[in-house]
Amino acid sequence: MFVFETVRELRKWADGQASEGARIGFVPTMGALHEGHASLVRRAAAENDLVVASVFVNPTQFDDPADLAKYPRTVEHDIETLRRAGCHALFLPSVGEIYPEGRDVSVEVDLGGLDLVLEGAHRKGHFQGVVQVVHRLLDIVRPDRLYLGQKDFQQFAVCKRMVEQTGLPVELVRCQIVREPDGLAMSSRNVRLSPAARAEAPRFYAALCRLAEELARGTALAPAVAQTAAELDAPPFSLDYLQVCDPDTLRTLDALRPGQQAVILATVRLDGVRLLDNLMVG
């Protein structure tokens, strides 16, 4: 696996591969990789000739400098994880490579309110930072396909909107959530849970599964959501939000028609750690 630290080095290699007709799949990450990230790389490898991954902790999507400072950096582990998953090239840039001094790499995109709800309501400016860095990385790597995980469902919706509005020639691929054997969605945040909290964490996903089953049986949406919200806003959990939304617009739904597709989106706090999860319905 090649490791490139500069835009110039990566572009020289990628241009050479593209000139020979190679199709490139791209997996952007912020490092601290786990099996969920590895699954994205394996799928990209199965569907493309080459896989490029990036590890870049993007400062523009953090509204709290303390969160940026404590974000885990595990470069050697990440390199080995990517190598084993079948990645061909890793882009490992500095902040100066992504945001060169004196050059405007910002992008203006009307997200139609996708950035203001759910996670956006709790993390001001977060999705504008996501749009900026993903657009910049796509401009650098120029892949044929972009692979993103379903766990960050809102991030996928935002990136899809950005790609549609900017006309970037890339196909977006949303990959299923990878879970621990007990159902907890894999996340770099999970390692921050105490042993006692980690034992309680699977109750989060279990509650969402029960809600999905209730909705599938035709239970009225509002009382079903209220019951699950009460369950997830009691110790040891603290609920940030629980909403059933349209998968494309993320508008909160008041009712479900038979066969209508929706997504349950939720975030809880447990042991000081924010856990995100979602589940498709219909």
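Student: Which residue in β3 stands opposite Pro28?

Tutor: Ser54 in β3 stands opposite Pro28. This is a predicted model, where local features need pLDDT of at least 70, side-chain atom pairs count only at pLDDT 80 or more, and totals for chains, interfaces and linings use all residues. Residues are numbered from 1 along each chain as its sequence is written, and side-chain values use heavy atoms, with hydrogens and water left out.

Student: In which sense do β2 and β3 pair, and over how many bridges?

Tutor: Strands of a sheet pair through backbone hydrogen bonds, either parallel or antiparallel. Two strands pair if DSSP finds at least two bridges between them. Strand β2 (residues 24–29) and strand β3 (residues 50–55) pair in the parallel sense over 6 bridges. Helices (H or I, at least four residues) and strands (E, at least two) are DSSP runs, numbered from the N terminus.

Student: Through which helix does the chain cross from β2 to β3?

Tutor: Through helix α2 (residues 35–47). This β-α-β crossover is right-handed. That word means a clockwise path from the first strand over the helix to the second, with the strands pointing away from the viewer.

Student: How many residues of β2 are buried?

Tutor: Buried means under 20% relative accessible area, exposed over 50%, partly exposed in between (1.4 Å probe, protein chains only). In β2, 6 of the 6 residues are buried, so this strand is largely enclosed by the rest of the structure.

Student: Which residues of β2 lie on one side, and which on the other?

Tutor: In a regular strand the side chains alternate between the two faces of the sheet. In β2, one side has Ile24, Phe26 and Pro28. The other has Gly25, Val27 and Thr29. Both faces are covered.

Student: What is the strand order of the open sheet?

Tutor: The sheet has 6 strands in the order β1-β4-β3-β2-β5-β6, with parallel pairing. Its edge strands are β1 (2–4) and β6, each pairing on one side only. The twist averages 25° from one strand to the next.

Student: Which strands pair with β5?

Tutor: β2 and β6. The pairing with β2 is parallel, over 2 bridges, and includes Gly25 with Arg145. The pairing with strand β6 (residues 171–175) is also parallel, over 5 bridges. Here Leu148 has Arg174 as its bridge partner. Strand β5 (residues 145–149) is mostly covered, with 4 of its 5 residues buried. Together with helix α8 (residues 153–166), β5 and β6 make a right-handed β-α-β unit.

Student: At what angle do the axes of α10 and α11 cross?

Tutor: Two packed helices are described by the angle between their axes and the distance between the axes. Axes are lines fitted to C-alpha atoms, for helices over the stretch in contact, and angles run from 0 to 180 degrees between N-to-C directions. Helix α10 (residues 202–216) and helix α11 (residues 221–232) have axes that come within 10 Å and cross at roughly 170°. They are therefore roughly antiparallel. The cut-offs: under 35 degrees is roughly parallel, over 145 roughly antiparallel, 65 to 115 roughly perpendicular, and the rest oblique. Contact means heavy atoms within 4.5 Å. Among the α10 residues that meet α11 are Phe204, Leu208 and Leu211. The α11 side includes Leu221, Val225 and Leu232.

Student: Which residues make the contact between α1 and α7?

Tutor: Start with the geometry. The axes of helix α1 (residues 7–19) and helix α7 (residues 126–141) come within 9 Å and cross at roughly 50°. The two helices are therefore oblique to each other. Val7, Leu10, Arg11 and Ala14 of α1 make the contact with Arg136, Ile140 and Val141 of α7.

Student: How many disulfides does the count come to?

Tutor: A disulfide is a covalent bond between the sulfur atoms of two cysteines. The rule asks for a pair of cysteine sulfur atoms within 2.5 Å. The count here is 0. For Cys159, the closest cysteine sulfur is in Cys175, 13 Å away, too far for a bond. Cys159 is also buried, at 1% relative accessibility. For Cys209, the closest is in Cys245, at 17 Å, again too far.

Student: Where is Ala32 found?

Tutor: In the loop between β2 and α2. Ala32 is buried, with a relative accessible area of 11%. Leu250 also has a positive phi, near 65°. Leu250 lies in the loop between β7 and β8 (262–270) and is buried at 3%.

Student: Which peptide bond is cis, with omega near 10°?

Tutor: The one from Pro235 to Pro236. Pro236 is in the loop between α11 and β7 (237–245).
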